[in-house]
Amino acid sequence: MKIAYSGIEGAFAHIAAMRLYPNEELISFKSFKDAYDSVVEKKCDAAVLPIENSYAGEVSQVSDLMFSGDLIVEDVYGLAITQNLLGVPGAKKSDIKKVISHPTALEQCENYIYENKFEAEGAVNTARAAYRVAKMNNKEIAAIASEETARLYGLEVIEKDINESKDNTTRFAVFINKEDEKPESKAEKKNAFILMFTVPNIAGGLAKAINIIGDYGFNMHILRSRPMKSIAWNYYFYVEAEGDVTNEYGREMIARLSFWCDTVKIVGRYNLIEEKQEQ
């Protein structure tokens, strides 16, 4: 299999793809859309893309691809994010004057950076930051990234676990073509789903849609809105809920929701017990 991800080797997307597909060919793309389109065009079999970070929130570009595109979500995987201070061989913490990383990683380590009086510089992603530090070979410049990234680029871990929040997880979704979805047995039924919809622009429109979902016993654990790109000041809604949307109750709920809403789309299903968090 060929598995697409966005970024370079050592980026957290690469690490997630490696954990999910340890024996498959991983292919790097420059953007979320390029990775997504590689599956649409059947150049790759699946794409592993981030959908949400517990610290920074949703990944809006991927949400928009989910709403406008045709791929489905086959699985969701939680990767615990641990940031570390990485330097060139022989560098000590006392040598460091500047740190380079992705803006979100810098934000996650803001107190640590402030307390140590480091200058901060942004990078496209944490792996790219580590690559730059390795190339510059300057003891005064460090990267903030994962231990896997340190090994890839020949850097040393100067200090571990420097992010402020110890509950920092990025959730990744596995995107595939609908025709590649594997059949399920009764014992393998997935117990959560991702739903997107739009509602009529009338008073109580959203409340009505939410009530329909609740009427059939589906417990929503995520609900958020995103602006539609095609129509100004109109929004679509993203829901993740527990339950089997393929059973009788699920089919009835979707039928009622479709009658009320302008657009209803089941983006995919996954198993909550498989959404494990790993470091």
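1. Let me begin with a loop: where is the place of K117? K117 belongs to the loop that links helix 5 (110–115) and strand 8. Please bear in mind throughout that this is a predicted model.

2. Staying with K117, its backbone deserves a look: phi is near 60°, a positive value in a residue that is not glycine. K117 has a relative accessibility of 72%, and therefore counts as exposed, the cut-off for that class being over 50%.

3. You will find D161 in the loop between strand 10 and strand 11 (169–176). Its relative accessibility is 37%, so D161 counts as partly exposed.

4. Which order do the five strands take? They form an open sheet in the order 8-7-9-6-10, with mixed pairing. Strand 8 (119–122) and strand 10 (156–159) are the edge strands; each has a single partner strand, so one side of each lacks a neighbour in the sheet. On average, neighbouring strands of this sheet are turned by 35° against each other, direction ignored.

5. Within that sheet, strand 6 (residues 84–87) and strand 9 (residues 141–145) run antiparallel and are joined by three bridges. For a handy landmark, take L85, whose bridge partner in strand 9 is I144.

6. What packs on the sheet? Helix 6 (residues 126–136) does, and it touches strand 6, strand 7 (98–101), strand 8 and strand 9. The direction of helix 6 makes about 155° with that of strand 9.

7. My last point concerns a helix pair. The axes of helix 2 (residues 32–40) and helix 3 (residues 60–68) come within 10 Å of each other, crossing at roughly 30°. Why do the two helices count as roughly parallel? The class takes in angles under 35 degrees, and helix 2 and helix 3 are therefore roughly parallel to each other. Their crossing is right-handed.

8. As for the residues in this helix contact, F32, K33 and Y36 from helix 2 meet Q61, V62 and L65 from helix 3. Sorted by class, the contact comprises four nonpolar residues, one polar and one charged.

Conventions: Residues are numbered from 1 along each chain as its sequence is written. This is a predicted model: local features need pLDDT of at least 70, side-chain atom pairs count only at pLDDT 80 or more; totals for chains, interfaces and linings use all residues. Side-chain values use heavy atoms; hydrogens and water are left out. Axes are lines fitted to C-alpha atoms, for helices over the stretch in contact, and angles run from 0 to 180 degrees between N-to-C directions. Helices (H or I, at least four residues) and strands (E, at least two) are DSSP runs, numbered from the N terminus. Angles under 35 degrees count as roughly parallel, over 145 as roughly antiparallel, 65 to 115 as roughly perpendicular and the rest as oblique. A crossing is left-handed if the near helix is turned anticlockwise from the far one by less than a right angle, and right-handed if clockwise. Contact means heavy atoms within 4.5 Å. Ala, Val, Leu, Ile, Met, Phe, Trp, Tyr, Cys and Pro count as nonpolar, Asp, Glu, Lys and Arg as charged, and the others, Gly among them, as polar. Two strands pair if DSSP finds at least two bridges between them. Buried means under 20% relative accessible area, exposed over 50%, partly exposed in between (1.4 Å probe, protein chains only).
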